[in-house]
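The sequence and structure are shown below for reference.

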Amino acid sequence: MTVKRRAIAAGAAVLAMALLAACGGNKATTTTNSNTGAGFNAAVGKVVNPSTKKGGTLQMWSSQDADSWDPAIGYYAFVWDLNQLYTRTLVTYPAQPGTAGLKLAPDLASAMPDITDGGKTYTFHLRSGIKFDDGTAITSKDIKYGIERIFAQDVLPGGPIYLMGQLDEGQNYPGPYKDKDPAGLKSIETPDDSTIIFHLKAPYADFPYLLAMPGAGPVPQARDTGAKYALKPASSGPYMFQSYEPGKSTVWVRNPNWDPSTDPIRKALPDKINLTITSNADDLDSRLIAGTADIDVGQTGVQSAAQIKVLQNPSLKANTDAPPNGFIRYAAFATTVAPFDNIDCRKAVMYAADHTALQTARGGPIGGGPIAPNMLPPNILGSDTKYDPYNIVQGKPQLDKAKEELQKCGKPNGFSTTIAVRNNKDKEIKSAEALQQSLAAVGIKANIYQYDGKLLSTVIGAPDNVKKNGYGIMIAGWGADWPSGTGYLQPLIDQTFILKNGNYNLPEIKDPQIQSLFQQTALETDPTKAAALYNQMNHIVMEGAYYLPFTYDAALNYRNPRLTNVFVNQAWGMIDFQALGVSDGK
Amino acid sequence: MVMGPEPPAAAGSTLVADELPVESEVRAIEGRSLGRIAWNRLKRDRIAMAGGIIVIVLILVAIFAPVLVKLVAHPPNDFHDDLLDPNLGGLPKGRFGGISGSYLFGVQPVTGRDMFSQIVYGARVSLTVAFLAALVAVLIGSVLGVAAGYFGGWVDAAISRVMDLLLAFPQLLFAIALVSVLPQSLWGFGGTFLRMAVLVVVIGFFGWPYIGRIVRGQALSLREREFVEASRSLGARGGYILFRELLPNLVAPILVYTTLIIPTNILNEAALSFLGAGVKSPTPSWGRLMSDAVNYYQPDPTYMIVPGVAIFVTVMAFNLFGDGLRDALDPRAH
C-alpha cells in the first residue's frame, strides 16, 4: 500500500501543477441542517446516523482523481473503497465498523470457499441471480476473465500483481489479449457457470484476501475494451457509471439489474453519486465545512489551515474522525551498519527517543495519530495496542535506560550515525529532526541525510547502498495491501523479501523463528489462530529492537452531518463509501 | 538572482580640497586626512550612523550569541513540547506564536524551539556567510578588475568576457544543483561547515564580477593619470604600480562596494536557504525558518514575521550604512 500512497502524493502534485479547473458548477443545494455533529471519532467503531432511508444525491469530492476505475489497475486505497459501488468480488469485507469489518464475507460467492488438497484448492460456488448492469448473468467465466486481465501487464499496468504470483505457476500466461488458447489460465477451473476452482502450487492461507481486491472482480469479455475499459467499466454492484470525465468528475447512478436480495453487504441508499475532482484542496475543505460537499474520498485529512479551524471549534470537531489508517510510521535500524549490528545500541535509541516530539512532528495525536508501541497496526488481526515493551506510550525519553543500554553496547559516550529521510515529506523530515535532538541528549550524534523521495527504492531500498553510506537509521512508513499479518509484516521482516532494490525489510531481519512462523501462517486458514502467530512475530520483532515505531498513522477527516450510515471500515482504514446515505433526500 | 548593488558613482580618490569649506566651523583644525574628512561627514549623516550602529549591534549579537542565549533565552535546538498544543498539530500555545517573557520571539511550531535563540544563532550563519562571501568577491574582483583595467589588451578582453559569462550565469539554479549533488562529506569536512563553505564559494564566486567591473573602470581611468605616468617614467614595474599606485586609490570604492554587497549576500543566503540549498538542520538559518513558516502562515503568522523582520532589519541597516559611507567618501554624490 506504500505504492498506493506514494502514487497518491505524486498524483496530487501533478494535479496541483496542472491546475485542472474542475470546479464551480456543482452547487449542491444542501442546507447544513445545523443538527449538532455526532462527535469526534463517532464513526470509529460505531455507526453515525444509522438509517435505511433511500434517495438523494451523494456529493463526494476529491483533490485527486482515481488512478484508474479499471478494477485491475486502480491501486489507491480510496479507489478500492469506491470499487465497492460497481465491483463485486467473490469475497469482500463486510460493511461493519470495528474489527468485524476485517473478517472476509462471501459476496458473489454463496459461501466461504471449500479448501481442500491440504490448502491448495479453493472452490467457490456463485450465488444465483447475479447480473451485470446490462442484464447478462455473471458467471464464473467472467470472474476468471477478470483475473486473467491482471496478467496483461503490458496493457493494464499499475495494479497489484499478487494474484499473478500465486496463480501463474510457471505457465508464463501473457494475459487474455495475447493468449490464443481457449483454456486460458490453467490454474483456474470453471467446470460450470456457477463454480470456480483455484489450484495453488503451495498452501497460502491469505489467498482469499487477494480475491477481495477489485482486480479479482468479474469482467465481461464482450465489453472489455482493454486500456479504455477504465473509462466505462461494467458494473456488478448497485451503481453503474453514467459518465466519467478524467480529472473532472464521475457520476454513478443506480444499476437496475442489481438485485439487493443477492447482496447481503451493500445498502445502496442514494439514487445518484457524484464525485467531483478539484485541484484546490483548501477550497474542498471550505465546501466540506459549508456543507456543499459531503465527504473527501481521498480521506488523507483536511489541510492544516482547515484542521486548526475545525479543532478550535467544538461543533465542527464533532463532525470529524481521525481513524488509524493502517499505516505505521517508524524508523528502521540497519543491522548492517555499526553500531546497530548490536541490539543494545538499537535499544539505546528506542529509549532515548522523545516519542511526544516524534508524535508532534507527525501532526500531534489527532492530525498524526496515537503513539505506536509496537509494529502491528490496530487494523491487523493479532494487533495488541497495549503491548509496549519499551514503555513508549508514556511519551517521555528514558535517558537512564538509554545510557544503560549504551554501556552494554560498549559505547557509553554515544556514537555517530546517519538518519536517512525523504526530502519531500515534511513530516518525515521533522520526525528526523526530533529524533536527532532527543538522541543528542545521550551523546548519539546523528546527521540527517535528506534524499530525493522518488529514489526511495534505490537509496534506502538498496541494502548495498545502505551499508556503503552507513544509513544507520531510516525513516519510513508502511501500510498493508490487505489486513492480515502476512500482508503487513512479510515485506518488513521476512528475510526472503530482502531485495537488491525496492527492499522494505530495511533492518535486513534474518530470524529463523520468524521464517518458521511464516511457514505456519501460510497453512493457517483460521484468521483467529493466525492472529496469535502474528502476535508472536510482533513480539520477536520488538524484542529484537529492529524498528522504532512512531505513530499509528491517522488523518483528520470531515463528514457532512447530513450523511447517514457513516462508519470507518477498518479494511480500508477509512469511511465505507458504499454504505453512505443522505438524510435530507436531496 | 538578486542584482548586485549599484556601483558607487565615482572613486573616493577624487576628493578635492575645494569641498572643504563646507565645514566652516572646524576650519581651524589643520592637516585633516581624507579619512578624517570622510568620517566627519559620516558622523553628520544620522541615518547612516543609525544603520552603522545596528550593524555593529548585529555583529556583536552574532559573536556573543552563546552568552546572550544563556542570559535571556534557551539553547537553540532544545525542544519544548510543553509549549505546544499537540491537538493542533504542534502549534505554539498562547497568542502571537507563544511570545512570553522567557520566549521573547515566541517558539517554533512542532519543535517548540526558542525563536529568539534561532534568530540569534541564525545571525551567525547569515553574517558569516555574507562577510566571507563578500571577502571572496572583493579579493577576486579587485585583483582581476585592476589587472584588466591596467593591462588592457587581451588580458582585459579575457577577464571581461569571463565576467560577462558569470553575470549571465544562473547562479541560483547552479547553487541548488550543486548542493543536491554534494556528498555528505567532502575532503573530511561534513555537515554545516561544508554547506556554509559551498554558500560562501557560490555567492562569493558569482558576486566578484560586479566589483570587478567597477574596479576595472576605475583602473582604466587611473592608469592614464599623471602620477602613474610619473611612476612609470621613474622605472616602476607593473606589480609596483598595480599595488602601490592604483590599489590605494581604489580603496574607497572597494570599501563602499563591500558594505553594499554584504546585504545582497544576506539576501542570497536567505534565498538559497529558503529553497533548501542552505545550511542543514538543526543549524538555525533565517531563510529556512521562513520556508518552514510558509506552512503556518495562517494559524501562526508570527513565525514568519520574526525571521522576516530579522532579514529586513539587517539588510536595511547595511544598505543605509553603505549609502552613507558612499556619500561620505564621494562628496560629488551629494
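How many residues of chain A are in contact with chain B?

## Contact between the chains

In this predicted model, 24 residues of chain A are in contact with 20 residues of chain B. On the chain A side, two or more residues each are contributed by helix H7 (304-312), helix H10 (355-362), helix H11 (364-367), helix H13 (426-440) and strand E15 (445-451). By residue type, this side of chain A divides into ten nonpolar, eleven polar and three charged residues.

## Domains of chain A

The domain assignment of chain A gives domain 1, covering 64-243 + 254-268, and domain 2, covering 324-554. Their C-alpha centres are 34 Å apart. Eleven residues from domain 1 of chain A and 15 residues from domain 2 of chain A take part in the contact between them. The side of domain 1 that touches domain 2 comprises eight nonpolar residues, one polar and two charged.

## A five-stranded sheet in chain A

Five strands of chain A form an open sheet with mixed pairing, in the order E15-E14-E16-E13-E17. E15 and strand E17 (547-554) are the edge strands, each pairing on one side only. On average, neighbouring strands of this sheet are turned by 25° against each other, direction ignored.

Strand E13 (residues 324-333) and strand E16 (residues 473-479) of chain A run antiparallel and are joined by seven bridges. Within this pairing, Ala331(A) has Ile475(A) in E16(A) as its bridge partner. Helix H10(A) lies across E13 and E17 of chain A and runs at about 40° to E17(A). H10 of chain A also gives two or more residues to the side that touches chain B.

How values were computed: Residues are numbered from 1 along each chain as its sequence is written. Chains are lettered from A and ligands numbered from 1 in the order in which they are written. This is a predicted model: local features need pLDDT of at least 70, side-chain atom pairs count only at pLDDT 80 or more; totals for chains, interfaces and linings use all residues. Two residues are in contact if their C-beta atoms, placed from the backbone, lie within 7 Å. Helices (H or I, at least four residues) and strands (E, at least two) are DSSP runs, numbered from the N terminus. Ala, Val, Leu, Ile, Met, Phe, Trp, Tyr, Cys and Pro count as nonpolar, Asp, Glu, Lys and Arg as charged, and the others, Gly among them, as polar. Domain bounds come from an automatic or database domain assignment. Two strands pair if DSSP finds at least two bridges between them. Axes are lines fitted to C-alpha atoms, for helices over the stretch in contact, and angles run from 0 to 180 degrees between N-to-C directions.
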